[in-house]
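Take a look at the structure below.

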Amino acid sequence: MTPSEDDLVRVDVNPIDDQKGSVAVLTLNRPEQLNAITWDMVAAFDAAVSEAMATDGVRAILVTGAGRAFSAGGDLKAYRILQRDAERFPAFVAALHAAFSRLRTLPVPVVALINGVTAAGGLELALSCDLAMIARSARIGDCHLNFGQMGGGGVLTLLPRFVGIARATELVVSGRLLTADEALEWGLVSRVCADDELLPQALELVGQVAAKSPLAVANAKYVMASIWSEAASVDAGLRLERERNAVYCLTSEDAPEGLAAFEEKRPPRFVGR
């Protein structure tokens with residue numbers, strides 16, 4: 001059955017065991033089409049992110065795909081019409097950029113769970129998350145050139161920053177898919193999991209995040225994402241890190257609470273302020 005427009009991206013918010021807060025799982029939901037990305041799906045994904053962030057206590061977002069793919073990329077059948085429109089096609093790519101790039105600005109970690117085939121726009125989505133974990137059976141690559149296309153949703157900008165220009169060029173021009181172990185070796189993912197351990201291991205990571213000050217997590221993510229995305233110099237990065245560190249340590253309630261908890265040998269009670 002084809003999902004309705006409201007079901008193109010499922011949102012499930014679950015409490016984190018033994019921790020305050022919850023985790024939002026966003027699932028791309030066109031399994032029969034390998035979660036191929038359409039304009040409607042981009043809008044649904046952006047709305048799903050807004051829904052997750054509007055939920056009190058969300059400490060992390062997990063992004064995955066239904067069925068046997070994370071996402072095989074853009075919907076090539078729809079492109080046959082869309083690419084003939086000189087106004088709508090650039091507008092579609094701009095909407096995709098806005099929805100994906102937004103993930104780096106969120107105050108919570110966004111983790112891509114690469115559960116299956118991941119290519120082209122699917123790779124661009126994964127690159128837009130803060131980190132990625134991959135199932136042993138999954139495969140990941142660019143593949144735009146295999147179908148007479150070229151990257152436009154971020155892969156040509158982001159991929160070289162992850163793996164270096166030589167490896168990025170090889171992956172783009174060859175159009176091949178990497179194995180999970182190759183993706184780990186190349187630095188595209190942080191860990192490889194058994195297929196049935198992908199979500200459990202992600203939830204374990206989220207539990208570790210939930211034990212931290214949400215304000216400290218947000219500040220740490222902001223500094224790292226800003227320095228990385230802007231290719232900042234060491235001096236500029238250190239300046240930003242120093243400034244954020246001073247504001248957090250001198251003005252937050254969580255910084256002194258963490259020190260007090262350490263001295264009193266008890267779990268900290270962070271409030272995110």
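The second largest pocket holds about 410 Å³ of space. Its lining has 13 residues, and the closest to the pocket centre are Asp-130, Leu-131, Lys-221, Met-224 and Ala-225. Helix α9, residues 214–229, gives the most to this lining, with six residues. By class, the lining of the second largest pocket has 10 nonpolar, no polar and three charged residues. Keep in mind that this is a predicted model.

Now turn to the largest pocket. Its volume is about 520 Å³. It is lined by 27 residues, and Gly-73, Gly-74, Asp-75, Leu-76 and Tyr-79 are the closest to its centre. The largest share is four residues, from α3. The lining of the largest pocket divides into 13 nonpolar, 10 polar and four charged residues.

**Two cavities**

How many cavities of 30 Å³ or more are there? The count comes to two. The table sets them out.

| Cavity | Volume | Classes in the lining |
|---|---|---|
| Largest cavity | about 40 Å³ | seven nonpolar, no polar, no charged residues |
| Second largest cavity | about 40 Å³ | eight nonpolar, no polar, no charged residues |

The largest cavity is lined by Leu-28, Ile-37, Met-41, Val-42, Phe-45, Phe-100 and Leu-125. Helix α1 gives the most here, with three residues. The second largest cavity has Leu-123, Ala-126, Leu-127, Ala-132, Ile-140, Phe-162, Leu-188 and Val-189 in its lining. There, α4 gives the most, also three residues.

**Two packed helices**

Two packed helices are described by the angle between their axes and the distance between the axes. Helix α1 (residues 39–53) packs with α3 at an angle of about 25°, and the axes are 10 Å apart. Angles under 35 degrees count as roughly parallel, so α1 is roughly parallel to α3. Which hand does the crossing of α1 and α3 have, left or right? The crossing is left-handed.

Which residues meet at this contact? From α1 come Trp-39, Val-42, Phe-45 and Asp-46. From α3 come Arg-88, Ala-91, Phe-92, Ala-95, Leu-96, Ala-99 and Phe-100. By class, the contact has nine nonpolar, no polar and two charged residues.

Definitions and conventions: Residues are numbered from 1 along each chain as its sequence is written. This is a predicted model: local features need pLDDT of at least 70, side-chain atom pairs count only at pLDDT 80 or more; totals for chains, interfaces and linings use all residues. Side-chain values use heavy atoms; hydrogens and water are left out. On a 1 Å grid over the protein atoms alone, a cavity is a set of points where a 1.4 Å probe fits but cannot get out, and a pocket is an open set with protein on both sides within 12 Å along at least five of seven lines; lining residues have an atom within 4 Å of a point. Grid points are joined across faces, edges and corners, and a volume is the space filled by probe spheres set on the points. Helices (H or I, at least four residues) and strands (E, at least two) are DSSP runs, numbered from the N terminus. Ala, Val, Leu, Ile, Met, Phe, Trp, Tyr, Cys and Pro count as nonpolar, Asp, Glu, Lys and Arg as charged, and the others, Gly among them, as polar. Axes are lines fitted to C-alpha atoms, for helices over the stretch in contact, and angles run from 0 to 180 degrees between N-to-C directions. Angles under 35 degrees count as roughly parallel, over 145 as roughly antiparallel, 65 to 115 as roughly perpendicular and the rest as oblique. A crossing is left-handed if the near helix is turned anticlockwise from the far one by less than a right angle, and right-handed if clockwise. Contact means heavy atoms within 4.5 Å.
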